[in-house]
Amino acid sequence: PEVKEVVEIIKALNEGKGGKAKREEIFEEVRMHQLAKLFDHKVRLYIILEALCGTSMDAGSLEKAGKVVIYLIENGRMTAEDILWTFDAYLSQNGDAAKGFPMVLKVIYDEEWVKEKDILEYYNDDKGEGAPGFAEAKKVSAPFLKWLETADSSDDDDSDSDSDS
């Protein structure tokens, strides 16, 4: 209930500014609640995802919130596992986001919030096992993960053929 309350406060702050609240304003507001309610950086990022992307996050809504998201990731010095845990937890609470989740992971990869190697290790080596939403995220993201593995090995092939020239 406390998390939902903070989500609504952040959502109202952003909507009150016509959807254009500055990342510093959003950060300061969520940070005050974080200090008062004693939640960690993962929950702080979750709150921002839900407040700015709603309950059916897709690649477009995540890209739109990207400046705030990266600000929180960098400020919290979040690890790859923490970032992916947060997105999985979001999925566990917002099943409508499942369809777009592979493209959300692609945004995370494209924006370099998490490195390719870390994404593959997290899901393929089950580093997120037991985390909320991990099993569903891994399942719905299988095509993206396969593409990421294939893209990685074709990059390796390209570099091998370059050295043969």
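Predicted model: local features only at pLDDT ≥ 70, side-chain atom pairs only at ≥ 80, totals over all residues.
Local features here need pLDDT of at least 70, side-chain atom pairs count only at pLDDT 80 or more, and totals for chains, interfaces and linings use all residues. Residues are numbered from 1 along each chain as its sequence is written, and side-chain values use heavy atoms, with hydrogens and water left out.

Let me begin with the rings. Rings of Phe, Tyr and Trp (its six-membered ring) pair if their centres lie within 6.5 Å; planes under 30 degrees apart are stacked, over 60 edge-to-face, and the rest tilted. By this rule there are eight aromatic pairs. One of them joins Tyr-122 and Phe-134 edge-to-face, with 5.5 Å between centres and 80° between planes. Tyr-122 belongs to helix H8 (residues 116-124) and Phe-134 to helix H9 (residues 134-140), twelve residues apart. Helices are DSSP runs (H or I, at least four residues), numbered from the N terminus. Both Tyr-122 and Phe-134 are buried, where buried means under 20% relative accessible area, exposed over 50%, and partly exposed in between (1.4 Å probe, protein chains only). Elsewhere, ring pairs link Tyr-109, Phe-144 and Trp-147 into a cluster.

I turn now to H8. Its buried residues are Glu-116, Ile-119, Leu-120, Tyr-122 and Tyr-123. They lie on the same side of H8, because they cover an arc of only 165° around the axis, taken from the directions from the helix axis to the C-beta atoms.

Finally, the loops. Arg-77 has a positive phi of about 45° although it is not a glycine; Arg-77 lies between helix H5 (66-75) and helix H6 (80-93). Glu-112, also not a glycine, has a positive phi of about 60°.

Definitions and conventions: Helix = DSSP H or I, 4+ residues; strand = E, 2+ residues; numbered from the N terminus.
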